[in-house]
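Subject: Handover of a structure

Dear colleague,

Please find below the structure that I am passing on to you.

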Amino acid sequence: SDIGSQKERVVTEEEWLQKWEMGNIGFHKEQGHPLLQKYLDVLLNGRSGLRIFFPLCGKAVEMKWLADMGHNVVGVEVSEQALKEFFSEHSLPYCEEPVPEISGGKMFQSTSGNISLYCCSIYDLSSSIVGKFDGVWDRGALVAVNPCDRQRYASLMINLMEKNSSYLLVTVSYDPNKHKGPPFYVPESEIKSLFG
Ligand code: SAH
């Protein structure tokens, strides 16, 4: 479970924006993620009308799925392009407003009000801005965060969770000395120590 050479690796926000500009977004799943379908019951746990958080959301189509099921979806993403593509690809009208608490931060909200996507760094968010959540879908998020920021990321996520919330986390397992990531390899032992 040695994460080897990945420990020091840093991908800047600028590099992520470039990936979006270049269309270098192999992580995006047009058909959505089969693991969310498989574990949907675990996420929802019989509850309806939940507030569900999508950290580092990209233009994940699962946001549309959950909104269509009657949940309230909140996402955060540094790339404005990604968020605009999300709304246009699903033909969803939206409006854009500044977020006073975050300098340069914007919020894109579907006109129907059930999808709110923040365009800023996840580290700019706090529960006083976005509230707390009943569920989290973490795919391409913890594994995309720079290894040096994992602790900060996990503390923030714990802070954004309601008492009875459920957190679905997707990780990838491979030899971290053979690929530089992202997605980064996050060993099970580290997940235990990050989230307790
Ligand atoms: N969860 C999405 C996207 C995964 S790729 C999916 O499943 O398709 C990781 C995304 O995080 C990229 O779109 C990148 O632009 C965004 N990102 C990277 N660092 C970020 C940060 N600090 N705050 C918010 N978004 C970030």
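Please bear in mind that this is a predicted model.

Helix α2 spans residues 34-44, and its buried residues are Leu-36, Leu-40, Leu-43 and Leu-44. Viewed down the axis of α2, these residues fall within an arc of 85°, so they line one face of the helix. In general, an α-helix has 3.6 residues a turn, so residues three or four places apart point the same way. The face of α2 turned away from the buried side carries Lys-38 and Asp-41, which are exposed. The cover over the buried residues of α2 includes β1 (51-54), α3 (62-68), β6 (133-139) and β7 (161-170). Just after the helix, Asn-45 adopts a positive phi of about 50°.

Beyond its neighbours up to four places away in sequence, Leu-125 touches Phe-53, Val-76, Ile-102, Tyr-118, Cys-120, Val-130 and Leu-156.

A nitrogen atom of the ligand lies 2.8 Å from a backbone N or O atom of Leu-56, and a nitrogen atom of the ligand lies 3.2 Å from a backbone N or O atom of Val-78. In the side chain of Glu-77, an N or O atom is 2.6 Å from an oxygen atom of the ligand. Of the 570 Å² of accessible area that the ligand has on its own, the protein covers 94%.

Two loop residues deserve a separate note. Ser-79 sits in the loop between β2 and α4 (80-89). Ser-79 counts as buried because its relative accessibility is 2%, and the cut-off for buried is under 20%. Leaving aside neighbours within four places in sequence, Ser-79 is in contact with Leu-17, Trp-20 and Cys-119.

Lys-59 is found in the loop between β1 and α3. At 8% relative accessibility, Lys-59 also counts as buried. Its side chain makes a polar contact of 2.8 Å with the side chain of Glu-89. Not counting residues up to four places away in sequence, Lys-59 touches Trp-20, Ile-25, His-28, Ala-82, Glu-85, Phe-86 and Glu-89.

Finally, in helix α7, the residues Glu-190, Ile-191 and Leu-194 are buried. Seen down the axis of α7, its buried residues fall within an arc of 100°, so one face of the helix is lined by them. Glu-188, Lys-192 and Ser-193 are exposed on the other side of α7. Both α6 and β7 are included in what covers the buried residues of α7.

Yours sincerely

Notes:
Residues are numbered from 1 along each chain as its sequence is written. This is a predicted model: local features need pLDDT of at least 70, side-chain atom pairs count only at pLDDT 80 or more; totals for chains, interfaces and linings use all residues. Side-chain values use heavy atoms; hydrogens and water are left out. Buried means under 20% relative accessible area, exposed over 50%, partly exposed in between (1.4 Å probe, protein chains only). Helices (H or I, at least four residues) and strands (E, at least two) are DSSP runs, numbered from the N terminus. The arc is that of the directions from the helix axis to the C-beta atoms. Contact means heavy atoms within 4.5 Å. A polar contact is a pair of N or O atoms within 3.5 Å; within protein, one must be able to donate a hydrogen and the other to accept it, and residues adjacent in sequence count only if both atoms are side-chain atoms. Accessible areas come from the Shrake-Rupley method with a 1.4 Å probe; for residues, only the protein chains shown count as cover.
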